[in-house]
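Please look over the sequence and the model before reading the answers.

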Amino acid sequence: MIEITPYQSIHQNGIDDMMTDIASEFNDNIFSKPRSHTPNVPDAYWVALNNDKIIGTIALITVDDYGILKKMMVKKEYRGKSFGTSKILLDTVVIWCKENNIFKIYLGTMMQFKAAQSFYINNGFKRISEEELPKNFMQNPLDSIFFVRDLNDSK
């Protein structure tokens, strides 16, 4: 059974292992810079666990009245509708946003994350141009595709 729990520093080694596995799936680098041993912890950060093993993460940075989705990663064997890990993680963020009066979520992603792009579209995100991002959007230099979800919409 998948359990979602707030991030704690004890999770970091499992997250690092998961990220190494995910990075090996791609020919191109998915990290914008070398990872620090001291992670930058976002405003809200959760991990997905299966039998106490890290299988996914999701985080949110809040800026003014909107959120920026970060660290949305799921181990390959836990992706897709059969497990629903990505949906469970995203629903966790949406609930947190509504409870904290955040009604727009922005995100950037990389071209090679095709399945993630489909997931976002299927979950109420709309693709936008870089010019449509808020002026103070914290952008990963490797991201080239951007989305927004208005939580006031019905989906």
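Q: Why does Lys 87 count as partly exposed?
A: A residue is buried under 20% relative accessible area, exposed over 50%, and partly exposed in between (1.4 Å probe, protein chains only). Lys 87 has 39% relative accessibility, so it falls in the middle class. This is a predicted model, in which local features need pLDDT of at least 70 and side-chain atom pairs count only at pLDDT 80 or more, while totals for chains, interfaces and linings use all residues. Residues are numbered from 1 along each chain as its sequence is written, and side-chain values use heavy atoms, with hydrogens and water left out.

Q: How are Lys 87 and Asp 91 placed in helix H2?
A: They are 4 residues apart in H2, which means that about one helical turn separates them. A helix here is a DSSP run of H or I with at least four residues, a strand is a run of E with at least two, and both are numbered from the N terminus. In general, an α-helix has 3.6 residues a turn, so residues three or four places apart point the same way.

Q: Which residues do salt bridges with shared partners join into one network?
A: The network consists of Asp 21, Lys 75 and Glu 77. Asp 21 meets Lys 75 at 3.3 Å, N to O. Asp 21 belongs to helix H1 and Lys 75 to the loop between E4 and helix H2 (85–99), so this pair ties together parts that are 54 residues apart in sequence. Glu 77 bridges to Lys 75 with closest N and O atoms 3.8 Å apart. In the whole structure, 3 salt bridges are found.

Q: Why are Lys 75 and Asp 21 placed in separate accessibility classes?
A: Lys 75 has a relative accessible area of 17%, so it is buried. Asp 21, at 40%, is partly exposed, and Glu 77, at 48%, is partly exposed.

Q: How do you know that the length of H1 agrees with its number of residues?
A: The expected span of a helix is 1.5 Å times one less than its number of residues. For the 12 residues of H1 this gives 16 Å, and the end C-alpha atoms are 16 Å apart, so the two values agree.

Q: What shows where the buried residues of H1 lie around its axis?
A: The buried residues are Gln 12, Ile 15, Met 18, Met 19 and Ile 22. They cover an arc of only 120° around the axis, so they are on the same side of H1; the arc is that of the directions from the helix axis to the C-beta atoms. On the other side, Asn 13 and Asp 17 are exposed. The buried residues pack against E2, E3 and E4, where contact means heavy atoms within 4.5 Å.

Q: What makes E2 a mostly covered strand?
A: Of its 7 residues, 7 are buried. Ala 44, Trp 46, Ala 48 and Asn 50 are buried on one side, and Tyr 45, Val 47 and Leu 49 on the other.

Q: How do you know that E2 pairs with E1 and with E3?
A: Two strands pair if DSSP finds at least two bridges between them. E1 and E2 have 5 bridges, antiparallel, and E2 and E3 have 7, also antiparallel, so both pairs meet the rule. Ile 4 stands opposite Ala 48, and Thr 57 is the bridge partner of Val 47.

Q: Why is one side of E1 and of E6 left without a neighbour in the sheet?
A: The open sheet has 7 strands in the order E1-E2-E3-E4-E5-E7-E6, with mixed pairing. E1 (2–6) and E6 (126–128) stand at the edges with a single partner strand each, so one side of each has no neighbour.

Conventions:
Salt bridge = Lys/Arg side-chain N within 4 Å of Asp/Glu carboxyl O.
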